[in-house]
Number of protein chains: 2
Amino acid sequence: MPRFLIDRRATLGALLASAAAAAPFSMPAIAQDDPLPSWNDGRSKQSILSFVAAVTREGSPDFVPAPQRIATFDNDGTLWCEQPMYVQLAFALDRVKALSNAHPEWKTQQPFKAVLDGDLETLAKSGTKGLVELVMATHAGMSTAYFEEIASDWLKTARHPKFKRPYTDLVYQPMLELLAYLRANGFKTFIVSGGGIEFMRPWTEEVYGVPPEQVVGSSIKTEFKIVDGSPALFRLPQVDFIDDGPGKPVGINSHIGRRPIAAFGNSDGDLQMLQWTTLAGSRRLGLIVHHTDAEREYAYDRTSHFGRLDKALDAAKANSWTVADMKRDWKRVFSFE
Amino acid sequence: MPRFLIDRRATLGALLASAAAAAPFSMPAIAQDDPLPSWNDGRSKQSILSFVAAVTREGSPDFVPAPQRIATFDNDGTLWCEQPMYVQLAFALDRVKALSNAHPEWKTQQPFKAVLDGDLETLAKSGTKGLVELVMATHAGMSTAYFEEIASDWLKTARHPKFKRPYTDLVYQPMLELLAYLRANGFKTFIVSGGGIEFMRPWTEEVYGVPPEQVVGSSIKTEFKIVDGSPALFRLPQVDFIDDGPGKPVGINSHIGRRPIAAFGNSDGDLQMLQWTTLAGSRRLGLIVHHTDAEREYAYDRTSHFGRLDKALDAAKANSWTVADMKRDWKRVFSFE
């Protein structure tokens, strides 16, 4: 189940507001031998480099053996773009349209009618109840294998409204470098996202180098059945687990069974993951991606409907977490720039 | 939560019956260059070797790329001894004794009184309800970190009633070789057990070479809290997930997100995992450990109260799964022989 379902701040009218206009990009020079070439020199980059040096240098008081080098990354807004709406919400809306021929009743039944009419104001009024109905109608009632196919096919053809590119192009180049840099230093990298676990797994290995077994996310229940001799898992219209906010440490414990030593997020939904990771009495890294770049991407924080960053921004100061300022710290945002 | 909670066949009287007497062991010669030296030559060993050769040889019609070489192993009765009772049940009973001073009410309150009196017949009569009470009283109400400490400490001192050794000595040497052999061939090995996930994780890496993030098991719910500035996960007295029978494919999907190509079990609780793994239309390996050796270990199958092997034994024949006959196929059972 996607994170937006439990975003208490999300009113759909705001959620579906259109994005800011696109801006021109420039391609910066990339230094040789720099593991993080898309990061400008500065405090953020330095805090990453010095943390990795400290925990990987044998004999260092901060040394951590490789098997315990667990790093967890939020997805929406931390690894890829979450504006003007969560990618998974765009998927759900497109699925309603794609399925509408088989559901003539949706022409008169809310919240489906609103989606089909493009009437986002009415959709917003359906609230969380409406959103749950949308998700269950589009994410449940099929096998896991078939859902994987649907999600993969959609990602191949869907385009971001501002950048006019596949959503999987809208991953942050500095974060890809960070994932690779950590892995090169013996870290095991995990995604811990409020987004649907089965919405992410089909593409995380190719795009992020993170295999399905290292993806943690929200889920609906599944049931094992053998139909005509073929076993399958069927997706049921019931929430199983919400991997957001205080759910993130729970999901980390359930799936990983170790406490991370580094965590990366961008919103209040990552607050507890950052606390769980860093308030441990030894050297840890907590980093928040702060969206400050309306030209190259988007600028939002304390009042945003998606990826609100308010409490976690205050906590960053109190806990000495690194705040990566997108505009200041990132030489480039996307690989296609 | 341990698997015995949902073993519908388990009546505690039988569960707690004492084990068969210990038997003498002999140390066999180990062949050089043989990846499975504790396996006798024969059909079982051959089926493992030929499967691994087929899926790892590039150009073979059965070739499987390394990232997809997922192998799942049941724990109780497949990797270590599950008689005369599940190790986790022995732990729960010992915990009741250890906690009894802090719970004077247990002297008169069932099922605790029965445990303290060693009255296994009365304990048996308390049924599943009693077992749940035992588990919740011994496995919940503390932080995950403290539970890990308790479980680890217990395993250091507890001794198996027949073998008079730590339970972690009672892992099957042929299966340790099989785990290592698969990993040497690019497989990722997972444990998928009905036992409690947090009861296994503290020791699976050292004993099996399987890290915590590759352990799937039954669980109780946890809750994230910050107490005096320190974050912790608290174990709640509520069932979260039962990783047994039809739950195993669900747990595999949730934790691994890929369908295994090889699965290893020993009881009806592994039936659906074996079906999910092997009924896929391409080359797969399903293997069942059949406990046929009352002298070196135990002999049990269709009528056993722990690890009943009945439907899965019939299914093995119908589906051409390999049945490893402990007496015939294993040169030695334990490393200490």
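**Pockets, helices and confidence**

Guide: The largest pocket holds about 950 Å³ of space. The model is predicted, so local features need pLDDT of at least 70, side-chain atom pairs count only at pLDDT 80 or more, totals for chains, interfaces and linings use all residues, and side-chain values use heavy atoms, with hydrogens and water left out. Residues are numbered from 1 along each chain as its sequence is written, while chains are lettered from A and ligands numbered from 1 in the order in which they are written.

Visitor: What makes a space a pocket?

Guide: On a 1 Å grid over the protein atoms alone, a cavity is a set of points where a 1.4 Å probe fits but cannot get out; a pocket is an open set with protein on both sides within 12 Å along at least five of seven lines. Lining residues have an atom within 4 Å of a point. Grid points are joined across faces, edges and corners, and the volume is the space filled by probe spheres set on the points.

Visitor: How do the lining residues of the largest pocket divide?

Guide: Into 12 nonpolar, 14 polar and 10 charged. Ala, Val, Leu, Ile, Met, Phe, Trp, Tyr, Cys and Pro count as nonpolar; Asp, Glu, Lys and Arg as charged; the others, Gly among them, as polar.

Visitor: What lines the second largest pocket?

Guide: That pocket holds about 760 Å³. It has 28 lining residues, with A:Gly257, A:Arg258, A:Arg259, B:Glu148 and B:Pro212 nearest its centre. Its lining has 13 nonpolar, six polar and nine charged residues.

Visitor: Why are α10(A) and α9(B) called oblique?

Guide: Their axes come within 10 Å and cross at roughly 60 degrees. Axes are lines fitted to C-alpha atoms, for helices over the stretch in contact, and angles run from 0 to 180 degrees between N-to-C directions. Under 35 degrees counts as roughly parallel, over 145 as roughly antiparallel, 65 to 115 as roughly perpendicular and the rest as oblique. Therefore α10(A) and α9(B) are oblique. A:Asn253, A:Ser254 and A:His255 make the contact with B:Ile197, B:Glu198 and B:Arg201; contact means heavy atoms within 4.5 Å.

Visitor: What makes α10(A) oblique to α11(A)?

Guide: These helices pack at about 55 degrees, with axes 7 Å apart. That angle makes α10(A) oblique to α11(A). A:Lys248, A:Pro249 and A:Ile252 meet A:Gln272, A:Met273 and A:Trp276.

Visitor: What is the average pLDDT of chain A?

Guide: Chain A averages 91, and 91% of the residues score at least 70. pLDDT is the predictor's confidence in each residue, from 0 to 100. Over residues 1-31 of chain A, pLDDT stays under 50. Where pLDDT is low, the predicted coordinates should not be read in detail.

Definitions and conventions: Helices (H or I, at least four residues) and strands (E, at least two) are DSSP runs, numbered from the N terminus.
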